[in-house]
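User: I am new to this structure. Please take a close look at the part around the ligand.

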Amino acid sequence: MPGAVGSRMRPRLTPALRALLREGAARADAAGEVDREALAALRAGGLLATAVPAEHGGAGADAAAVNALVEQIAAVNPSMAIIAFQHFAVSARIADWGTPRQRARWLPSLADGTWLAASAWSESGAGAAKQNLSTAAERRADGTWVLNGTKAFTTGAGVADLYLVLVRTAPPAAPTGGYGAAGQTFFLVGADNPGLVPDLGLDLAGMRGSATGLITLDGAVVADSDRLGPEGEAATVIASVRESGASLGAVAVGTAQAAFDLAVAHARDRGLMDLPAVRHRLVGLATRLEAARAVVERAGARTSADPGLTTLHSKLHATEAAEEICLDVARMLGSAGYRDGAHIGRLLADARGVSLMGPTNDLCRELVAVSWT
Ligand SMILES: Cc1cc2nc3c(=O)[nH]c(=O)nc-3n(C[C@H](O)[C@H](O)[C@H](O)COP(=O)(O)OP(=O)(O)OC[C@H]3O[C@@H](n4cnc5c(N)ncnc54)[C@H](O)[C@@H]3O)c2cc1C
């Protein structure tokens, strides 16, 4: 039963779903668009319930379970793993910050896969720390809000049903450092809102099946009950994200595992396993992979003195390890890894993409450094 996960249980992909996701990854990489068959299978499989509390129809699983599941998805389909990660992140934000009415309204549909959630925070020109947002929401006399602006790099654009959108609700303040800024607010906007227009115009080098694209808000009207968290205090919600222990490092670990598996298969196929130099290189890769997995597990377990910092470290370490592992595997594959469209080339681009996802690795470093002051 794929959806049968409790807080201490670990969700697992069924062999059938794993195969569908793997096949979908190859099609999506070639086409440069999300594979709808694989996405439909993920939505129908029950696993999207993982981060939703049990009282709202979810599995009530913890961050360790989310990380373990995201890693498994990434090992066969990194693009689908970031779609799932954003869905879990938004589900958790609603569970943590939603009013009882908001939780009852959205969480059951996010749990059973009827709705897929996405995060639309980034904008071109806003900066990685999202301090200079142009997208703004204006409150109208009847209490509703009207949203205008364009969001970039929204994973799941056009396939999601619900978007967690970060907007400015007060004049821009002077940059303060950190992630997000004072005067910013979150709204949940349905894909059926006539003022929300997705555009998949981004042709990415990696994560090509993740439907990462633009979202235009053109006079999108939302109710005040669609606001998630306190007005003007989205930065507090953002800061709480890393405390959960859910880590994009899990995507990096799954991607690196896929690269490692390619190296082992290649060495076996070419009869290279008899060479001690090859075996020892593989052991070196396996050791780095195991260390990356361990720090992601530590983030998910939330057992360190500062779980938020551990989550940042886990993203930094796992993404850097994944890029290095993918590059080393490409070298080990020799000319076979140098063909245009070679699987290892796609995995390397996918691994780079995780480093660029928010908070970007540079910003993670800054957030860790600021915590020392
Ligand atoms: C595959 C992929 C999927 C994504 N999915 C989503 C999504 O679903 N939702 C979403 O909202 N966004 C998403 N993003 C965007 C991501 O969250 C980043 O915030 C965004 O890409 C940063 O934009 P930039 O590199 O243009 O920023 P820039 O600010 O132009 O950054 C340029 C460089 O400077 C560094 N830098 C900038 N500001 C700082 C700072 N304050 N401290 C330290 N270093 C800094 C950056 O790390 C980067 O290396 C995705 C990105 C990718 C690549």
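In which loop does Lys130 lie? And what surrounds the ligand?

Analyst: This is a predicted model. Lys130 lies in the loop between β1 and β2 (136-139). Its phi is near 60°, a positive value in a residue other than glycine. Most residues other than glycine have a negative phi.

Lys130 also leads on to the ligand. Among the closest residues to the ligand are Lys130, Ser122, Ala128, Phe153 and Thr360. In total, 21 residues surround the ligand. By class, this shell has 10 polar, 9 nonpolar and 2 charged residues.

A polar side-chain atom of Ser122 is 2.7 Å from a nitrogen atom of the ligand. Trp121 uses its backbone: a polar atom there lies 2.9 Å from a ligand oxygen. Gln86 places a polar side-chain atom 3.3 Å from an oxygen atom of the ligand. On its own, the ligand has 960 Å² of accessible area, and the protein covers 69% of it.

Next, the site as a whole. The ligand takes up the space of the largest pocket.

One more backbone feature belongs here. The loop between α10 and α11 holds Pro359. The peptide bond from Gly358 to Pro359 is cis, with omega near -15°. Most peptide bonds are trans.

Notes:
Residues numbered from 1 in each chain as written. Predicted model: local features only at pLDDT ≥ 70, side-chain atom pairs only at ≥ 80, totals over all residues. Heavy atoms only, no water. Near = heavy atom within 4 Å. Polar contact = N/O pair within 3.5 Å; in protein donor to acceptor, adjacent residues only side chain to side chain. Areas by Shrake-Rupley, 256 points an atom, 1.4 Å probe, with all protein chains shown as cover. 1 Å grid on protein atoms, 1.4 Å probe; cavity = no way out; pocket = protein on both sides within 12 Å on 5 of 7 lines; lining within 4 Å. Sits in = over half its atoms within 2 Å of the grid points. Nonpolar A, V, L, I, M, F, W, Y, C, P; charged D, E, K, R; others polar. Helix = DSSP H or I, 4+ residues; strand = E, 2+ residues; numbered from the N terminus.
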